[in-house]
Each structure stands twice: as C-alpha cells, then as structure tokens.
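Please look over the structure below before reading on.

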Amino acid sequence: MKVWLAHHQDAALLALRRLAAAPVNSLLSLLAIGVALSLPAGGQMLLANALHLAGTTSAVPQISIFMASTAERRAAAEIESRLGKYGGVKQVQFLPREETLARMKTNPGLRDVIEVLPGNPFPDAFVVTATDDRPEAMEKLAVEFRQWPKVEHVQLDSAWVRRLDALLRLGRTAVILLGVLLGAGLIAISFSLIRMQALMHRAEIEVSQLLGATDGFIRRPFLYYGVLLGLGGGIVAWVLVGAAALWLRAPLGDLIRLYDLTLVLEALDSRDSTMLLGFAAGLGWLGAMISLRQHLRQY
Amino acid sequence: MIRFDRVSKRYPPGLDALSDLSFEVTEREMVIVSGHSGAGKSTLLKLIAAVEKPTGGAVLVGGQNVGGLARSALPFLRRRIGMVFQDQKLLFDRSVFDNVMLPLSIAGFPPKDAAMRVRAALDKVGLASREKALPVMLSGGEQQRLAIARAVVNRPSLLLADEPTAHLDSETAADVARIFHEFHHVGVTLLIATYANELFPGARPLQLDHGRLVS
Ligand SMILES: Nc1ncnc2c1ncn2[C@@H]1O[C@H](COP(=O)(O)OP(=O)(O)O)[C@@H](O)[C@H]1O
Ligand SMILES: [Mg+2]
C-alpha cells in the first residue's frame, strides 16, 4: 500500500516536473483547454441562472383582467362576484387601482413620470388562475372575460412562461451539445500533447520496458500529465466563467430589472464546479490513455 | 538455467540472424559469446530476455519457454534478468542515482530499502561519489559501469552483457571485466557478448559465425 502510494506520488511529481519543464507550452495548453471548456461551462452558468430566475417567477399561467379606467368601483365589484361564481376559475386576486399606483410609486424611476400625470393612470385589475391551465382552456376563459361589461383588456400571462420554458430547453440542449463537442476537443488536445510527451520520452519508455516495467507503470506519469492538463484547463475555465459572471452581474441585473425581475448573476455552484473539474480531469485522462495505446506496443 | 533448442531467428525481410542453434548454460556459469560483427551475438541475448522472439525452436529460461510468454508476463521475466545493453540505454535526463533507481521503482521496492541498494550497487562499480551527476558528465568507462550498476541493482541471478568493454581503453576494459568476475564469484550466471575473449579467462566460449555455432 505504501509502495503503491509512493509510486503514484512519484508519477504525479514527474508529471508536474514535465509540465514545469516547458512552462510556456504548458500555460498555452492550459489556456487552450480552459477557453474551450469555458464555453459549455459559461453556457451552464447562464442556464442555471435562467432556471433560477424562472423558478422564482410564477410559472403558473394567469389571466390579467384590466377594467376600463373610467369604470367605477361598483363595476369592479360586479366583475369580482361574477368571477367568484364562474366555473373554471380557481382563484381571484383583486388589485385596486390605488394600490397599484402606490406600488408603482415605490419605483424611483417611475415615480417622476407618474407624478406629472393627471390622476391615477392605472385601472382596477384582477389576476385570475384557472382550474384548468392548459392553453386552450385559458384562451377560452380570456375570450369569455373580454365580453364582460367595462372590461377593457384581458391578457394571458402564460405565453412568456411557455416561451421561456422552450428557450431553456433549447439552452440545455445547446449546453450539452457544446459540452460534447468541446469535450471531444479536449480529448484531442490531450491526445496530441501526450503523443508529443511520449515521443519526447521514447527512450525512457523503451528502457522501462526492457527493465521489466508493466504498461501500468509506464502509463502512470503520462496519465497524471493528462489529468493535470485537464484539471488545470478546468480551473482556467472555472476562473474565466467566474470572472464573466462578476463582470456581467451589474449590467445584466439592470437589464433584468427593467422587466420587474431581480437577478444576481451567480458563478457556477459547487455541483457544477465539481462536474466541470471532474469531467476535465477525466477527459484529459482519456485522451492520454488513447494516445498511449500506440506507444506501448513496441517491446 | 538457459537452454536453446534448435533456435533460429529470421528478421524480416528474410535475414537469418541465428540458425538451428542449440546449447545450454548451467547455473553459476560464465559464458562469453563471441563472433564477428553481425554474427548474431546481440540477437542471442535478446532472445533470452524475450526482447525478440525466436522464429523457430525454443528458448528456455529457468525451464520457462520465454518465446511463448504472453506480453503481460514479460515484465516479470525481465525483472529476474540483469541486462547491460550494447548501446547502454542510459536515461540522460536523470541523475546517476535515478538511473540505477529505475529498476527498483519498476519492481516496486520500498523507497528506503531501494536507496540503500542503489548506493550499494554504485559503490560496487566505483561510482559512489557520482550519484548526483548526470550521465553526460561521466566518462565512457563510468557510463559503462553505471549501466552495470543498473543491471545488477535488482540482484538478478542471471546477467546478460552486450559488448560491455567495447570502446573502452584497455585499462578501463580490464576494470569492467573485473567487476563481472566479482559477480561470477558470488554465484551470478553470466552471458557476455564480446570480442575481447582474453579479458574473461576461465569463461566458456560460445563462438558464433553467421548465426551458427562453431566448435
Ligand atoms: N531488428 C533487426 N531487424 C533486421 N535485422 C536485424 C535486426 N537486428 C539485427 N539484425 C541483423 O541480424 C544480424 C545479427 O545481428 P546482431 O545479433 O546484432 O549481431 P552482432 O550483435 O553479433 O553484431 C545482422 O546481420 C543484423 O544486421
Ligand atoms: Mg551486437
């Protein structure tokens, strides 16, 4: 066991020394791998944030009913009681125009605008959720509500949620596709770098074989080299994505706030980070393994 | 210990390096393999360590037919055999100490015991003070002795040496020959390919001529 550990330590140190022996080459390789990996990793970061945003936003489709601004409170009460009795309506929330005005005034950007307007520009409104929230059923309710007296506008709020859902599904596919493509790229980079290493250390491979080394023994430092390349590239990618998240946090937050949502862009979480580093190391190893197969068949 | 039974070796595309070769080497024997350049001396030694495989006949080492060994069994055969190669095959990016350490690392020796063995082997060939040097800093004779130290550090019972005194001045060559005699005295079986028969008095000669045994 101790001997086994010592072997692995030797192999890892040897791999590190070889990386350090050509620092410029090694750094450029790490950068290449890191940039390649940062694309799927960055995609995953954006996707995770988008999912979080979608999760904190109501995904339950709603129907908003806006009364005519000339309608009196009595008309609204009339509609409220009709909604209460209407089959298919699950829940009704009444938003009085005064409350809406007060809420809007808390937004410093809007307050100035509202202040110069005469009177209250907001109508009374209802937010309705339906027992059956499939799009066809919702659409039918909306058509019905539009015919009720003093109702000026009926809006189905489910559409953008569905669009977001579709978009996120597409995003996930894109991230997976990127991951597969650039993962294959990483294997290729590791393959050719290890090939160069194996050619550089051809004499050592040959001598080791002649002195009775098993394939496992000979492979070990090269596999560590591949793993270190992958891991190093993974760390570079992680740093790049983290930096991008920090950089984008303020401008993206401002943009999202315009839609009345809040988003604090987060870097990769611990699960995604572990996956990134694990995959990177594993693919580096795999590239090395494939590359070495041809070099171990000589003696 | 070693038996060649009607062994032949043909290299592609059709050159017979060894033909119908039969002989035996018993334990603790010292045998020198001589013959002109291209006679097949190196090939003979390579067949014993299964670096090459015979195209006919059988090579038995310790009763084992080494030509028929699976690839995965080769490392364990080679660990029992010490080899001094014609071209030495030293690793020039590693220190003298690390070159000699390599067979022990390969065999999975505990590092502490291994270091002691390396120093003992270097001491034996008179390189104890050069362990930190790189092989390029050594003279030809010292490089040859380094190759010998690496071959014997595992304390093999069989030692193969391919022209270990070639390219050495006569004094250095005698020095190297003396080291082999010492191994012979402690019971190591030796096969030495050489032109310099006179350096190994008392050794049994095996004379090769175009891949065939003469005498
Ligand atoms: N790997 C090889 N491929 C083809 N021919 C070889 C190879 N190794 C040796 N030979 C040939 O086999 C013959 C014997 O070679 P070798 O055993 O090296 O002789 P020696 O060591 O006695 O000089 C020579 O003619 C040599 O050219
Ligand atoms: Mg030869």
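This is a predicted model: local features need pLDDT of at least 70, side-chain atom pairs count only at pLDDT 80 or more; totals for chains, interfaces and linings use all residues.

Residues are numbered from 1 along each chain as its sequence is written, chains are lettered from A and ligands numbered from 1 in the order in which they are written, and side-chain values use heavy atoms, without hydrogens and water.

Chain A holds an open sheet of 4 strands in the order E2-E3-E1-E4, with antiparallel pairing; strands (E, at least two residues) and helices (H or I, at least four) are DSSP runs numbered from the N terminus, and two strands pair if DSSP finds at least two bridges between them. Strand E2 (89-95) and strand E4 (151-156) of chain A are the edge strands, each pairing on one side only.

Strand E1 (residues 63-67) and strand E3 (residues 125-130) of chain A run antiparallel and are joined by 4 bridges. Val128(A), in E3(A), is the bridge partner of Ile63(A).

Turning to the interface, the contact (heavy atoms within 4.5 Å) takes 22 residues from chain A and 21 residues from chain B.

There are 3 salt bridges between chain B and chain A, a salt bridge being a side-chain nitrogen of Lys or Arg within 4 Å of a carboxyl oxygen of Asp or Glu. The side chains of Arg71(B) and Asp215(A) form a salt bridge at 2.5 Å, N to O. Helix H2 (74-78) and helix H3 (96-107) of chain B each supply at least two residues of the side of chain B that touches chain A.
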